[in-house]
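The stops below go from the whole chain to single residues.

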Amino acid sequence: MKQEKTTLTWHDLMLTLGSVMGAFALLPQVWSGFANQSGAIEPLTAMMNVGIMVAVGVTYYDLGLRRSAAAIMALGALWGLLLYQNAIY
């Protein structure tokens, strides 16, 4: 199978930036959850978001959008942390 050359397309850039901004927007919630020892997010909301982020990340990776895949997986990991907070607090 032929290896594809990875280049940063504008699609990959926009999708990556959107996911990075989403991650930055979620950071205060994650920090607050640990600082206040509270699980403020409903578990079902967090579980569904983790599942969506993983599915989209796998799709991006399959399409060759490696940076977008990494960024959306990081966003999914933050949702996973919120789920974890809900389980422990």
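**Whole chain**

In this predicted model, buried residues account for 27% of the 89 residues in the protein chain. Show the cartoon: the protein chain has three helices and zero strands, in the order α-α-α along the sequence. The C-alpha trace spans about 50 × 20 × 15 Å along its principal axes. The protein chain exposes about 6,100 Å², and 68% of that comes from carbon and sulfur atoms. For contacts between residues at least 6 apart in sequence, 79% join residues at least 24 apart.

**Helix α2**

Select residues 43-62, which are helix α2. At 1.5 Å a residue, its 20 residues should span 28 Å, and the end C-alpha atoms lie 29 Å apart, which agrees.

Now pick Ala46, Asn49, Met53, Gly57 and Tyr60, which are buried in α2. Look down the axis of α2: the buried residues fall within an arc of 70°, so they line one face of the helix. Their cover includes α1 and α3 (66-88). Turn to the other side of α2, where Leu44 and Asp62 are exposed.

Step just past α2 to glycine 64, which has a positive phi of about 90°.

Select residues 10-36 for helix α1, which contains tryptophan 10. Is tryptophan 10 buried or exposed? Its relative accessibility is 60%, so tryptophan 10 counts as exposed; the cut-off for exposed is over 50%.

Definitions and conventions. Residues numbered from 1 in each chain as written. Predicted model: local features only at pLDDT ≥ 70, side-chain atom pairs only at ≥ 80, totals over all residues. Heavy atoms only, no water. Helix = DSSP H or I, 4+ residues; strand = E, 2+ residues; numbered from the N terminus. Buried < 20%, exposed > 50% of the residue type's maximum accessible area, 1.4 Å probe, protein only. Expected span 1.5 Å × (residues − 1). Arc of directions from axis to C-beta. Contact = heavy atoms within 4.5 Å. Areas by Shrake-Rupley, 256 points an atom, 1.4 Å probe, with all protein chains shown as cover.
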